[in-house]
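Here is a short tour of a protein chain for someone new to reading structures. Keep the picture open while you go through the headings.

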Amino acid sequence: MENYFNYFTEIEEHYLRRRGTHLLLSTLEWALIETWKSAGVPLEAVLRGVDDAFDKYDQRPSKSKKVNSLAYCSQAVLTAAEDMKEAAVGATGAEKAQREPGFEAAQIVAFCGGMPTSWERRSCRSARIRDWSAGTEEASSLRELAESIERTGKLPRLEDLERRLTVLEEKLFAVLMAATPDEDLVNVRAEADRDIAPYRRNMTASQVEQLHKQYVHKRLLERCGVPRLSLFYMR
């Protein structure tokens, strides 16, 4: 894949193409992709796993039900990731090197510099958030980062930048969790339990736990109108 930071878009398009529909992905499906990204599952492994799952489904003599969720492919994706890991043993450093995506400094500046304004505008209008003042520290850090890149005109190492953004986003999640009323949190967790329930048997306990966490985070962001803070969401 030309751009690893196009992770979400590539998976979404590939899955919908195999499913033969143009429907939007559900919260559960986006959360599942997030767990794969966080676990370091290669993009190629996800695409291969999706293909394997649909190929096996197409070979079934009876198809009374359609594949209605990306979670149907979860076990095949993990299997593909393990197969790739085993095949990578002994690979050269050049083969293991991750290709740099074609981002420009101006793109990063616009993304990081515009994010705080988006947070403040959307979150202050949300009746679900008690107090957004705690998010000002993260907003200031983002603005400083954008100003530094714009001033020097140099693009930082993208892996390092993504780690920094991840740290800021984790702080953002903590702010949202603290600022969201308990009743809303309970409802979101119950919603996550219901949506994940049909796929629990195909996942390990740790995978279910991680998926549940990502689901809750994503729903809180959606309900408050706050965008994600990651290079993976730039496109």
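## The fold in outline

Reading from the N terminus, the elements of the chain go α-α-α-α-α-α-α-α-α-α. That is ten helices and zero strands, where helices (H or I, at least four residues) and strands (E, at least two) are DSSP runs, numbered from the N terminus. The model is a predicted one, so to speak: local features need pLDDT of at least 70, side-chain atom pairs count only at pLDDT 80 or more, and totals for chains, interfaces and linings use all residues. Residues are numbered from 1 along each chain as its sequence is written, and side-chain values use heavy atoms, with hydrogens and water left out.

Of the chain's 235 residues, 46% count as buried. Buried means under 20% relative accessible area, exposed means over 50%, and partly exposed is in between (1.4 Å probe, protein chains only). Take the contacts between residues at least 6 apart in sequence: 80% of them join residues at least 24 apart. Contact here means heavy atoms within 4.5 Å.

## Two helices side by side

Two packed helices are described by the angle between their axes and the distance between the axes. For helix H1 (residues 7-19) and helix H3 (residues 43-58), the axes come within 10 Å and cross at roughly 10 degrees. That makes H1 roughly parallel to H3. Angles under 35 degrees count as roughly parallel, over 145 as roughly antiparallel, 65 to 115 as roughly perpendicular and the rest as oblique. The axes are lines fitted to C-alpha atoms, for helices over the stretch in contact, and angles run from 0 to 180 degrees between N-to-C directions.

Which residues make the contact? From H1 they include Tyr7, Ile11 and Tyr15, and from H3 they include Leu43, Val50 and Phe54. Sorted by type, the residues of this contact are eight nonpolar, one polar and six charged. Ala, Val, Leu, Ile, Met, Phe, Trp, Tyr, Cys and Pro count as nonpolar, Asp, Glu, Lys and Arg as charged, and the others, Gly among them, as polar.

## Rings that meet

The structure has six aromatic pairs. Rings of Phe, Tyr and Trp (its six-membered ring) pair if their centres lie within 6.5 Å; planes under 30 degrees apart count as stacked, over 60 as edge-to-face and the rest as tilted. Phe8 and Phe232 have ring centres 6.1 Å apart and planes at 75 degrees, so this pair is edge-to-face. Phe8 sits in helix H1 and Phe232 in the segment after helix H10 (205-224), so the pair ties together parts 224 residues apart in sequence. Both Phe8 and Phe232 are buried.

Tyr57 and Tyr72 also pair edge-to-face, because their ring centres are 6.1 Å apart and their planes are at 85 degrees. Tyr57 counts as buried at 9% relative accessibility, while Tyr72, at 33%, counts as partly exposed.

## The nonpolar cores

In soluble globular proteins, nonpolar side chains tend to be buried together. A nonpolar core is a set of buried Ala, Val, Leu, Ile, Met, Phe, Trp, Tyr and Cys residues joined through side-chain atoms within 4.5 Å. The largest one has 60 residues, and Tyr7, Ile33, Trp36, Leu70 and Leu165 touch the most other members. H3 gives the most to this core, with eight residues. Apart from it lies another core of six residues, among them Phe173 and Leu221.
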